[in-house]
Amino acid sequence: MQDMNSVFIIGRLTNNAEWDANVNGKLNFCMAYNTTKKESDSYKDEGNFLNLSLWGKIASSIAPRMIKGTQIAIIGHLKQNRWTNKEGKQQSKLEVIVDSIQLLGSSKKSDGTAATVNALQNAGLVSEDSNSFPEDMFF
């Protein structure tokens, strides 16, 4: 029987996505999501954080819209990175490799349309004098 390695999570970006300086075409970002934990007779929300990576053409297309606070849904798989640090101690880090991503909403702090237009203008995908998106835009 084959093992299963699948992750589906909805959450919000904790920061703007950043290109990995060491790996060409790799977009890194962090996502926060809540789980509920029972304490005595009540339930309490508990924040959790995941490091994620997105590769390829979709990473290039979506990067300008990956703004802190934006709600996203991802489907991906887990990858454990292992290395030896300078002191000779074994280290490891778990990350989610994103296979599919969907932007669900805008940042809580800003109007999503304005934030998207500004990000696309900064990336050179939409001219500053344009009030609309190109017809061949991916969304």
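This is a predicted model: local features need pLDDT of at least 70, side-chain atom pairs count only at pLDDT 80 or more; totals for chains, interfaces and linings use all residues.
Leaving aside neighbours within four places in sequence, which residues is Ser-53 in contact with? Taking contact as heavy atoms within 4.5 Å, the list runs Lys-26, Leu-27, Asn-28, Glu-95, Val-96, Ile-97 and Val-98. Residues are numbered from 1 along each chain as its sequence is written, and side-chain values use heavy atoms, with hydrogens and water left out.

Ser-53 itself sits in strand S4, where strands (E, at least two residues) and helices (H or I, at least four) are DSSP runs numbered from the N terminus. Ser-53 counts as buried because its relative accessibility is 0%; buried means under 20% relative accessible area, exposed over 50%, and partly exposed in between (1.4 Å probe, protein chains only). Its side chain makes a polar contact of 2.6 Å with the side chain of Glu-95. Such a contact is a pair of N or O atoms within 3.5 Å; within protein, one must be able to donate a hydrogen and the other to accept it, and residues adjacent in sequence count only if both atoms are side-chain atoms. Cys-30 is 23 residues away from Ser-53 in sequence, with 8.7 Å between the C-alpha atoms.

Next comes the strand pairing. Within S6, Ile-97 is the bridge partner of Ser-53. S5 and S6 are antiparallel and joined by 14 bridges, with Gly-76 standing opposite Val-98 in S6. The two strands make a hairpin with five residues between them, and Gly-88 in the turn has a positive phi of about 85°.

Thr-70 counts as buried because its relative accessibility is 5%, and its side chain reaches the backbone oxygen of Ile-67 at 2.7 Å.

On the surface, Phe-8, Ile-10, Ile-75 and Leu-104 form a nonpolar patch with about 380 Å² of accessible area together. Leu-104 belongs to S6 (residues 90-105) and is partly exposed because its relative accessible area is 43%.

How values were computed. Patches are made of residues with over 30% relative accessible area and no salt bridge: like charges are joined within 9 Å, nonpolar side chains (Val, Leu, Ile, Met, Phe, Trp, Tyr) within 5 Å. Accessible areas come from the Shrake-Rupley method with a 1.4 Å probe; for residues, only the protein chains shown count as cover. A salt bridge is a side-chain nitrogen of Lys or Arg within 4 Å of a carboxyl oxygen of Asp or Glu. Two strands pair if DSSP finds at least two bridges between them.
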